[in-house]
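Reader: Could you take me through one part of this structure up close? I'd like the aromatic pairs, please.

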Amino acid sequence: WVISKEWIFTGGLRYDHYSDFGKTINPRLALIWSPPMPLTTKLLYGHAFRAPSISEMALQNNPVLLGNTNLEPETIDTLELAIEYFPLLELNSRLSLFYYDMVDTIEIVDIGGGLTQYDNTEGQRAYGLEIEVEWNATNNLELRSSFAWQHAERKDNESRIGKAPGREFHFAANWEF
């Protein structure tokens with residue numbers, strides 16, 4: 001929907017029906033502002049899910065890990081503010097701020113007696129930012145750099161999520177001979 005010359009709204013809705021756990025409706029929304037300057041701003045919202053896999057629900061013959069027929073799908077709500085600024089044709093920069101809230105995360109939990117089982121947990125949440133810069137220095141040389149920072153934690157005890165990088169920095173130079 002083109003609201004005005006500078007504002008655009010986009011929305012979508014996805015419907016899924018699974019015979020083993022039911023139906024789900026997942027919206028996506030975007031509000032885009034493009035003023036008459038080299039700037040674009042986007043506010044994005046999305047809701048999504050991940051259905052439990054067959055093994056997560058029905059695994060039975062594993063001596064240490066069991067399936068769980070009572071699993072619910074994982075769901076996530078995401079919110080992002082993205083700003084793109086391109087002051088020159090050769091220079092482009094982006095800033096993204098994000099937040100997500102995940103519910104019913106499917107994880108392997110200890111149920112005692114040396115056994116583990118798939119189960120839904122309270123979930124996790126995270127927030128962070130990403131900064132990117134691209135510069136076409138010459139017709140043959142492109143420089144790119146990005147920095148990302150995030151804080152991701154479990155909801156049940158507010159501990160950091162393992163294997164989720166807190167900070168990342170990248171730099172690349174592409175030279176065409």
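Author: Here's a walk through the aromatic pairs and a surface patch. This is a predicted model, where local features need pLDDT of at least 70 and side-chain atom pairs count only at pLDDT 80 or more, while totals for chains, interfaces and linings use all residues. Residues are numbered from 1 along each chain as its sequence is written, and side-chain values use heavy atoms, with hydrogens and water left out.

Searching the whole structure turns up 4 aromatic pairs (rings of Phe, Tyr and Trp, the last by its six-membered ring, with centres within 6.5 Å; planes under 30 degrees apart are stacked, over 60 edge-to-face, the rest tilted). One of them is Trp7 with Trp33, stacked at 5.9 Å centre to centre with 25° between the planes. Trp7 sits in strand 1 and Trp33 in strand 2 (residues 22-33), so this pair ties together parts 26 residues apart in sequence (strands are DSSP runs of E, at least two residues, numbered from the N terminus). Trp7 is partly exposed at 34% relative accessible area, and so is Trp33 at 27% (buried is under 20%, exposed over 50%, partly exposed in between, with a 1.4 Å probe and protein chains only).

Then there's Tyr127 with Trp149: ring centres 5.8 Å apart and planes at 55°, so that pair is tilted. Tyr127 belongs to strand 9 (residues 124-136) and Trp149 to strand 10 (residues 141-154), 22 residues apart. Tyr127 is partly exposed at 40%, as is Trp149 at 31%.

Back to Trp7: together with Trp1, Ile3, Phe9 and Leu29, Trp7 forms a nonpolar surface patch with about 520 Å² of accessible area (Shrake-Rupley method, 1.4 Å probe, only the protein chains shown as cover). Patch members have over 30% relative accessible area and no salt bridge, with nonpolar side chains joined within 5 Å and like charges within 9 Å; a salt bridge is a side-chain nitrogen of Lys or Arg within 4 Å of a carboxyl oxygen of Asp or Glu.

Notes:
Helices (H or I, at least four residues) and strands (E, at least two) are DSSP runs, numbered from the N terminus.
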